[in-house]
Amino acid sequence: MTVSPSLRYPLPYDGALDAPDEWERLRRQCPVAGIELPSGDHATLLTQHADVRQLLSDARFVRPTAQDGSARIVPDGEGGAVASNETSALAVPTKGAEHQQWRRLVGKWFTARRMTALRPGMTEIADRLIDEMIESGRPADLKAHLGFLLPVYVICDMLGVPPEDRDRFSHWSDALLSINRFTREETDRAQAEFVQYMAGHVAAKREQPADDIISMLIQDSAEDGQGLTDQQILGTAMGLLVAGHETTANMIGKMVALLLADRSRWEQLVADPSLVRTAVEESLRFDTNLGFGLRRFISEDVEIGGETLPRGTTVVCSQTAANRDEAVFDHADEMDLTRSPNPHLIFGAGPHSCLGQALARTELQVVLEVLLRRLPTLELAVPTSELTRIEGLVVGGLREVPVRW
């Protein structure tokens, strides 16, 4: 049964690592729930694993845009391009054959073979960053010293952009993902600067190609009569830079915080580092702070959870709530580092699942492997009650992860 659209979203939570109390009730009593977004618009929230997976796997439905009349996260004139449903900043195909072609071209870079080749370099970077963190003294902010920097170095290398510009990338990224952190004037200025910077970078790669994903896309598009347009290559470059450092940087901090929140978890990994892969997957599943959730616009009537969602509905898919569904995960509210299989939905599902998930998994595994080897005595430097969430962005994370060793 769908409740009236009076439930305010995002849902309230207690601690930075805690799940909202409302999740369990919604999954049990009201898995297809009406909600009110910060904009005042109404949408539908899905919290059961089967429903979330069904909708995310349906190729007909894509992220809302300003043109389809979908529910807005923020009122008109506020928020960054993602929160305000704008698509001009990240102009990549989202449906049909064009989307499949885009995924085929971009996906050539994210193969298991390439991730394996990148692993030694990632390990070297992580070791160097931990050296610098140790030299800085304790306590230290693991997110600032390691969580933020490693993904920046990796994605900058993949895109062929200088990592020295990382602070600019971070600002532009936050502006695109802003709900209420910046004024609209600030987000528009940041977006214009980002577009100008990346357009210049794409043009430079066209003149002097190198071993990076932008050069590859330019070459493949030139050779393929149905390749990507210049605007699509630009949007891809911007999207990869944002996704390639923002989400993974936040997840590194959250993963380490979750593993240190209960000392027995960290000690289990120190005793048996072979659990790193399953521990990473369980950290991804157990995370409650993903952000706003994936949104989909229903362009035709569809039945979800025994209810018909009419055309024109905007749906928020809560992967984090779905990942605590007892119908799929035994003892879902417990963190089990040996859990396998682990069909969590953090990376989405189906034709729109995250293209960079192999890269994210590799980075998370490398970080955990190096930390366990270098700092087995690692612990949080503050109680978990003092950890604070990032506010005002579409993505979720922790402001700081203070640690000592």
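Me: Which residue does Asp-76 form a salt bridge with?
Reply: That's Arg-72, and the closest N and O atoms are 3.2 Å apart. Keep in mind that this is a predicted model.

Me: Ok, and is Asp-76 buried or exposed?
Reply: Asp-76 is exposed, with a relative accessible area of 63%.

Me: What about Asp-212, which side chain does that one meet in a salt bridge?
Reply: Lys-205, at 2.9 Å from N to O. Asp-212 is buried, at 2% relative accessible area. Lys-205 has 12% relative accessibility, and that counts as buried because the cut-off is under 20%.

Me: Where do Arg-263 and Glu-267 lie?
Reply: Both are in helix 11, which covers residues 263–271. They sit four residues apart, about one turn of the helix. Arg-263 is partly exposed at 27%, and Glu-267 is partly exposed at 47%.

Me: How many salt bridges does the count come to?
Reply: The count is 26. As for charged side chains, the protein has 41 positive and 59 negative ones.

Me: New topic: how many helices and strands are there?
Reply: There are 14 helices and 10 strands. The radius of gyration is 21 Å, close to the 22 Å the globule rule gives for 405 residues, so the protein is as compact as a globular protein of that length.

Me: And what share of the residues is buried?
Reply: Buried residues make up 55% of the 405.

Methods:
Residues numbered from 1 in each chain as written. Predicted model: local features only at pLDDT ≥ 70, side-chain atom pairs only at ≥ 80, totals over all residues. Heavy atoms only, no water. Helix = DSSP H or I, 4+ residues; strand = E, 2+ residues; numbered from the N terminus. Rg over C-alpha atoms; globule rule 2.2 N^0.38 Å. Buried < 20%, exposed > 50% of the residue type's maximum accessible area, 1.4 Å probe, protein only. Lys, Arg positive; Asp, Glu negative; His and termini not counted. Charge placed at Lys NZ, Arg CZ, Asp CG, Glu CD. Salt bridge = Lys/Arg side-chain N within 4 Å of Asp/Glu carboxyl O.
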